Amino acid sequence: MRHDAYEALRGAILLGRLRPGERVVEAEIARQMGISRGPIREAVRQLEQDGLVEYQPRRGVIVADLTRERVLDAYSVRAELEGFAARLAVERIGPADLAHLAESLEVMQRHARANDAEALLGADVGFHRQICALAGNRVLLRLWTSLGPHAWTLFSAAQLRGYTLAALAQRHRPIIEALRTGDPAQAERAAREHTLELARNIIDHLDALQPGLVVLPQQETAAPH
């Protein structure tokens with residue numbers, strides 16, 4: 001029950017059904033799910049460790065706000081990890097791996113046509129996990145996995161800037177094409193820019209709400225490793 005409660009709450013936050021700043025009322029959620037408050041409390045604790053919710057005096061538990069620090073922290077690190085993963089993966093990737101990535105893109109496009117944001121998000125995560133796994137570096141994969149909850153929290157905010165589900169799916173094609181070239185630097189640039197471009201879009205939205213936000217730099221040529 002704790003796992004089910006965690007997944008339900010996490011999904012609601014990631015997909016924008018629970019918005020930043022909104023209270024997480026354990027008693028109400030327990031009533032809606034038809035379970036006791038114990039599993040909800042444990043799920044909320046785990047979400048707090050993930051950085052998805054936070055406790056505030058006199059307000060209780062709320063969904064964490066999308067702050068400039070969270071955007072910059074999550075996406076800057078994710079961009080570096082995914083860029084490095086693509087650089088390593090391009091040396092190991094084979095035709096079957098490229099076909100698998102292309103199939104993942106098709107799955108995302110199918111979910112987009114069905115307007116199934118939750119399924120698209122799952123397929124998106126799977127696509128990037130494939131590349132990190134192909135890199136063959138277990139430490140990199142572990143670090144990337146640990147960023148997951150923080151990075152995907154901002155998914156709903158990306159849509160506020162006009163991304164359609166179809167566009168979110170299509171954004172993955174340049175990564176596949178870069179991996180297909182066999183050029184490590186090109187693969188790294190494509191993977192980094194994929195993440196940084198999304199981050200800049202979200203930051204532009206936050207900057208409109210909070211003037212003075214520091215914007216991420218434009219993509220630069222990757223330095224040789």
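Author: The protein chain has 11 helices and two strands, counting DSSP runs numbered from the N terminus, with helices (H or I) of at least four residues and strands (E) of at least two. Along the sequence the pattern reads α-α-α-β-β-α-α-α-α-α-α-α-α. Bear in mind that this is a predicted model, where local features need pLDDT of at least 70 and side-chain atom pairs count only at pLDDT 80 or more, while totals for chains, interfaces and linings use all residues. Residues are numbered from 1 along each chain as its sequence is written, and side-chain values use heavy atoms, leaving out hydrogens and water.

Now the core. A nonpolar core here is a set of buried Ala, Val, Leu, Ile, Met, Phe, Trp, Tyr and Cys residues joined through side-chain atoms within 4.5 Å; buried means under 20% relative accessible area with a 1.4 Å probe, protein chains only. The largest one holds 44 residues, and Y75, L101, M108, F127, I131 and L179 touch the most other members. Elements giving it two or more residues include helix 4 (68-89), helix 5 (95-113) and helix 11 (184-209). Helix 6 supplies the largest share, nine residues.

Zoom in on I131: leaving aside residues up to four places away in sequence, I131 touches A85, A86, A89, L101, I175 and L179, a contact being heavy atoms within 4.5 Å. There's also a second, separate core of 17 residues, with A43, V44, L47 and V53 among them. Across the protein chain, buried residues make up 48% of the 225.

Technical notes
Buried means under 20% relative accessible area, exposed over 50%, partly exposed in between (1.4 Å probe, protein chains only).
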